[in-house]
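User: I would like to learn how to read the pairings and contacts in a model of this kind. Could you take me through them one feature at a time?

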Amino acid sequence: MSETIPYKIYLSENELPASWYNVRADMKNKPSPLLNPATFKPCTAEELSHVFCNELVKQELNESDAYIPIPDEIREFYKMYRPAPLVRAYCLEKKLETPAKIYYKFEGNNTSGSHKLNSAIAQAYYAKKQGLKGVTTETGAGQWGTALSMACSYFGLDCQVYMVKVSYEQKPFRREVMRTYGAQVTPSPSDTTEVGRKILAEFPGTGGSLGCAISEAVEAATKQESYRYVLGSVLNQVLLHQTVIGLETMTAMDKYGIKPDVIIGCAGGGSNLGGLISPFMGRKLRGEADYHFIAVEPASCPSLTRGKYVYDFCDTGHVCPLAKMYTLGSEFMPSPNHAGGLRYHGMSSILSQLYDDKLIEARSVEQTSVFDAARQFARVEGILPAPESSHAIRVAIDEALKCKETGEEKTILFGLTGTGYFDMYAYKAFNDGTMSDYIPTDEEIAKSLAKTPKGQNLA
C-alpha cells in the first residue's frame with residue numbers, strides 16, 4: 001500500500017464544487033437540439049416550459065456557459081452526503097494480482113443508495129422555487145424514484161412516480177422506501193393514463209420499459225395544474241447536475257497527483273457516465289490531457305454498440321420531444337434484466353455526440369458476467385454494488401487483467417454509482433444459477449428501428 005495515498009480520499013466541505021460544469025461549452029460539435037414532434041423544428045424554451053421547470057429549461061438549452069453556479073440551498077443539501085469518497089481498491093488489485101492501480105468514486109453513501117440524488121435535489125429545488133405543487137417522473141430500478149421522493153419530501157412537494165412494472169415487482173423494498181418518503185408509486189405501463197392503456201393493448205403482459213414510464217409521467221404532468229415532469233437521466237440538465245461527481249473526483253486526484261489512464265462508467269441514459277467523465281472530457285477537448293473513456297452497457301439493451309445515431313422519440317408513447325441519439329428505437333422492449341436503470345432505448349445526446357466523434361469507446365457485457373464481477377468486488381472491497389454499477393466493475397476488472405498480462409501499470413478509474421442492498425432478488429437468481437443472458441437479435445432491433453421517425457432531414 002502506498003504511504004502517500006490513503007484507501008479513501010475525502011475532500012472537505014470547502015472543496016465541494018461551487019458550480020456545475022457544462023461540457024457542451026467545450027464541445028466543437030454540439031449535441032443536436034430537441035425537436036418538437038409536431039413541427040420537427042427545434043424546441044423553444046416556451047414549448048419546453050410546458051413540461052419542465054423554467055430554470056431547468058434554461059440549463060437544458062445552455063451551450064455557452066462552461067460553469068453554472070450551484071444555488072446555496074442545493075450546496076447545503078449536498079453537504080449532508082458530499083463530498084463523496086474516492087476509494088483506492090487496494091484489496092481488489094491484490095486479488096487480481098495486477099500492476100494496475102484501481103480507483104472508484106463511491107456514490108452510494110446516501111439513503112437513496114445512488115448518485116441520483118445529485119440531480120433530484122436540484123430539480124426539486126427549481127420546482128419549489130417556481131411555486132409548483134408537485135412533479136411526476138419515471139424510475140427503472142428505483143434509485144431515481146427514491147432520490148426524487150427524498151428531495152420532494154425535503155421541499156414539501158407532491159411526488160408521483162411511474163415505476164417500470166418488472167422492477168416494481170422485483171424490487172418491492174425500494175418501492176416502499178419511495179412510499180415512506182411520501183411518493184405515490186404506480187407500476188408502468190398502467191391503466192391510469194391514456195398512453196399506458198394504449199401500450200398495454202399493443203404489448204399485453206409486458207414488463208414495461210423506461211420509455212413507457214416516461215410517456216405516462218409526462219402525460220400525468222401535463223394534465224395536472226401546477227405540475228411539471230422531471231427526468232433522472234438523458235437530458236443535458238441532468239448530466240450537468242451530475243458533474244459534481246467528476247469535479248470532486250478530479251479535485252481529489254489532482255490533490256494527490258493521480259492521473260487516470262482509463263475512465264469507466266455504466267451507461268443507460270447517461271447521467272452517471274456523463275457526470276463522471278465531463279470534467280475530464282473538458283480537459284481532453286481543450287487539449288490539456290488525454291484519457292481513454294469507456295461506456296459500459298448491458299448486452300440486452302445495447303444502444304451505443306448496436307443502435308443507430310438518428311432522431312428518435314425519447315418515450316414509447318411518442319409524447320416527448322425527439323432527440324438525436326444512439327437508439328434502439330423508442331418501441332424497443334428490453335428483456336427484464338436486473339439492471340433496471342440501464343433499460344433505456346437511447347443514450348444522452350451529449351454522450352451520443354461524443355461517441356460519434358470517437359471520443360468514447362463503448363462495450364456491452366452480459367448479465368451473468370456482470371454479476372460475477374459484482375461478487376468478486378463484494379468479497380474483497382466490502383460493498384455490495386448495484387447491478388448497474390457492476391457493469392463498470394466488469395470492465396474495470398477486464399482492464400486490470402489486461403495490465404496483468406502486459407505488465408502495464410495503468411491507473412483505472414470507475415464510477416461506483418450505488419449499492420445493491422435492495423437488489424437481492426437479482427443476487428439470489430445469480431447465486432441459485434437461474435440467471436440467464438438475453439441478447440436481442442438483429443431482427444428484433446431492426447424491427448424497432450424501422451419505426452423511428454423518417455423524413456424531415458432527421459437522420
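Predicted model: local features only at pLDDT ≥ 70, side-chain atom pairs only at ≥ 80, totals over all residues.

User: In what sense do strand 11 and strand 14 pair, and over how many bridges?

Analyst: Strands of a sheet pair through backbone hydrogen bonds, either parallel or antiparallel. Here strand 11 (residues 292-298) and strand 14 pair in the parallel sense over five bridges; two strands count as paired if DSSP finds at least two bridges between them, and helices (H or I, at least four residues) and strands (E, at least two) are DSSP runs numbered from the N terminus.

User: What is the strand order of the open sheet, and which strands are at its edges?

Analyst: The open sheet has seven strands in the order 1-4-5-15-10-11-14, with mixed pairing. Its edge strands are strand 1 (8-9) and strand 14 (361-365), each of which pairs on one side only. Helix 12 (residues 243-255) lies across strand 1, strand 4 (86-88), strand 5 (101-106) and strand 15 (411-416), and runs at about 140° to strand 5; the axes are lines fitted to C-alpha atoms, for helices over the stretch in contact, with angles from 0 to 180 degrees between N-to-C directions, and contact means heavy atoms within 4.5 Å.

User: How many aromatic pairs does the structure hold?

Analyst: Rings of Phe, Tyr and Trp (its six-membered ring) pair if their centres lie within 6.5 Å, and planes under 30 degrees apart count as stacked, over 60 as edge-to-face and the rest as tilted. The structure holds 18 such pairs. The ring centres of Tyr 125 and Tyr 126 are 5.1 Å apart with the planes at 70°, so this pair is edge-to-face. Another edge-to-face pair is Phe 371 with Tyr 427, at 5.2 Å centre to centre and 75° between the planes. That pair links distant parts of the chain, with Phe 371 in helix 16 (residues 367-381) and Tyr 427 in helix 18 (residues 424-432), 56 residues apart.

User: Are Phe 371 and Tyr 427 buried or exposed?

Analyst: Both Phe 371 and Tyr 427 are buried, where buried means under 20% relative accessible area, exposed over 50% and partly exposed in between (1.4 Å probe, protein chains only).

User: How many salt bridges does a search of the whole structure find?

Analyst: Side chains of opposite charge can pair when their charged atoms come close. The search finds 27 salt bridges, each being a side-chain nitrogen of Lys or Arg within 4 Å of a carboxyl oxygen of Asp or Glu. In one of them, Arg 283 meets Asp 254 with the closest N and O atoms 2.6 Å apart, and this pair joins helix 13 (residues 271-285) to helix 12 across 29 residues. Another connects Glu 361 and Arg 363 at 2.7 Å, N to O; Glu 361 is partly exposed at 26% relative accessibility, while Arg 363 is buried at 17%.

How values were computed
Residues numbered from 1 in each chain as written. Heavy atoms only, no water.
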